[in-house]
Amino acid sequence: MAATSGGSSRKRTPAPRAELGASAPLYIDGDDVIPGEVIITLRSDAADVMTASVPIHPGGLGLSLADALGVSGVDAVLARLGAHDITRLAPPSQGIARSVMALDGVPEPEESILGRSFRVRIDTQIAPDKAAAELAGLDEVEIAEPNRWREASVIPNDPQFAAQWGLTKINAPDAWDVTKGSASVVVAVIDSGVDLDHPELAPLLVPGFDMVDLGPNPTPNPGWRFEGDFAGRDPIPEDEVGHGTHVAGTIAAVSNNAVGVAGVGWETRIMPIKALTRVVRISDGRVSGTGSSADVAAAIRYAADNGAHVINMSLGSPSSTSVEASAVAYAVSKGVVVVAAMGNDGSSSPSFPAAYPDVIAVAAIQSNESRAAFSQTGPHIDISGPGVGILSTYLAGGLATLSGTSMATPHVAGVAALVKAVKPSLTSAEVGDILRSTAKPLRDVASDPVPNDRYGWGLVDASAAVLKARGPIVLKPTITVKLRTPVVACLPKTISLPECGTIKTVIPLQCKVIKSVQIACPVTPTITKKTTTIVTGPGPQPGGADPFGVEQGGYEAGFAAGYAAAIEELQSGGGDAYGEGLFDE
């Protein structure tokens, strides 16, 4: 299971690429490498002596002017590769702090690794894997790898469903009796952006960002063309694909308003982060969302640093990258719940980011609770969600029905947000444990174990998850003890005497007959809604002990002594130090 590996173990070597079938339209023969781009991570000592000024991704259509890193051994190779437009993936960390941590034996934080990682655009005639291999051989380079495509995990589906069957299937209506979400819980949707003016989404949006930076003239795979905003970063994550808008509406939508659709959360907030841009297949006009693992890594970092509690990534491809794995580990280290789609090629090949450690990997089911034929399988799967014929928000303020593990994933992310609304103190690991342990077990045959490689722990159950997160409702009743023989008790009163400085004295000035005693249960009892009355045996006799362990005869003596002491302490005129009557409450 992706989320049960423990810790944030980091992959320092890229995982081997799994071959895809013909169902993946953006990858030629399973190749998800972006032409003319590599990602390199310098070793700490090399990063500390850099002399070049390298920017974090420029905005708009501008290019980075950096063509070197200011590390001589690396720069010589970069020059041969035709390096240009070099950008950082994250701000650099403090070298002094890193050195101190190294001396103390503390592992380097993931944010430091991202801070010494760079995207380098090279001559497109040079194969990125060969360029990466040459750079990886340098002493100053910790890891070098090709940048890789990430695609939205959605399959278009023509048949329209009249209702949102997925919400009922995951028991969302029962969960809403406990919580409808919280405005203090934010889910980052790392995707193609969001229709920022959609009436079902706009009131729930918090500021996000457009992280897509493919350069002014990216090279698409043959048969495809890029459209729209893809050249540089900006603070407007407007959706040009529809995918991110659809995902966001499943997680949260303005609900119970007799308009449009409902979301898993009614009050959950959405942080739109654009990491995928619009790409169109020339042959038939099919629209998809695509981006790079470098931009996804930057988006994860942005979400974790800007208040996201949950990250939804309905995207992926068959190869891992070190920077993306580090970004995920960084987010998890900050307590963020990371949820990602298993992928749609129907194979057992892993898809990333779903297969990274500590990611909740989501598969898709049909309305009859059987596995969707396109849903990928594998040992890293955690849980399943509704993913066929899912009705949700779409571009231009509209609605659409789509299918894919992309549609299953936001059901799970939405439930994670409900769980955080009920108990904000839960860690990301605890939220994952709740989701898995409360899921409805699913099997293809009775002998299949749970978890299994097709459904994980089963179908996410919103109601069971929020109930487990909340815990039992505990009422602490007051027990009333009725005394058969009433006693006289003098309740102490504290008075301050300014003439004596800060001295306070306690005197038993208020006496009353006590017929019963109310006692709050010191131990949490079993849930009950009625007050229990306990009647005692014979009450205290003269000279015997009362229920408080004080001899009854001592009350009169105590009161007399207290009264005499009070008279001596009071000012003349019968008032106390504040001018109040002797027996005032």
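**Getting to know this predicted model**

In this predicted model, the axes of helix α9 (residues 293-305) and helix α10 (residues 322-333) come within 8 Å and cross at roughly 10°.

Q: Why are α9 and α10 called roughly parallel?
A: Angles under 35 degrees count as roughly parallel. The axes of α9 and α10 cross at roughly 10°, so these two helices are roughly parallel to each other.

Q: What makes the contact between α9 and α10?
A: From α9 come S293, V296, A297, I300, R301, A304 and D305, and from α10 come V323, E324, A327, V328, Y330 and A331. By class, the contact has nine nonpolar, one polar and three charged residues. As background, an α-helix has 3.6 residues a turn, so residues three or four places apart point the same way.

Q: Why is E430 counted as partly exposed?
A: Buried means under 20% relative accessible area and exposed means over 50%, with partly exposed in between. E430 has 37% relative accessibility, so E430 counts as partly exposed. You will find E430 in helix α12 (residues 428-437). The C-alpha atoms of E430 and V337 are separated by 9.5 Å, although these residues are 93 places apart along the chain.

Q: How do you know that helix α8 is mostly covered?
A: Nine of the nine residues in α8 (residues 243-251) are buried. Among them are H243, G244, V247 and I251. To be called buried, a residue must have under 20% relative accessible area.

Q: What makes up the largest nonpolar core?
A: That core has 56 residues, and those with the most contacts inside it are V415, V419 and L435. Helix α11 (residues 405-422) gives the most to this core, with ten residues. A second, separate core of 45 residues includes V186, A294, Y302 and A327. In general, nonpolar side chains tend to be buried together in soluble globular proteins.

Q: Which residues does V419 touch, not counting those up to four places away in sequence?
A: V419 touches L426, V431, I434, L435, A465, V466 and A469.

Q: How do you know which parts of the model to read with caution?
A: Where pLDDT is low, the predicted coordinates should not be read in detail. The mean pLDDT of the protein chain is 79, and 71% of its residues reach 70 or more. Over residues 3-25, however, the pLDDT is below 50, and this stretch has 59 contacts in the model beyond near neighbours in sequence. Residues 525-585 also stay under 50, with 92 contacts beyond four places in sequence.

How values were computed:
Residues are numbered from 1 along each chain as its sequence is written. This is a predicted model: local features need pLDDT of at least 70, side-chain atom pairs count only at pLDDT 80 or more; totals for chains, interfaces and linings use all residues. Side-chain values use heavy atoms; hydrogens and water are left out. Buried means under 20% relative accessible area, exposed over 50%, partly exposed in between (1.4 Å probe, protein chains only). Helices (H or I, at least four residues) and strands (E, at least two) are DSSP runs, numbered from the N terminus. A nonpolar core is a set of buried Ala, Val, Leu, Ile, Met, Phe, Trp, Tyr and Cys residues joined through side-chain atoms within 4.5 Å. Contact means heavy atoms within 4.5 Å. pLDDT is the predictor's confidence in each residue, from 0 to 100. Axes are lines fitted to C-alpha atoms, for helices over the stretch in contact, and angles run from 0 to 180 degrees between N-to-C directions. Angles under 35 degrees count as roughly parallel, over 145 as roughly antiparallel, 65 to 115 as roughly perpendicular and the rest as oblique. Ala, Val, Leu, Ile, Met, Phe, Trp, Tyr, Cys and Pro count as nonpolar, Asp, Glu, Lys and Arg as charged, and the others, Gly among them, as polar.
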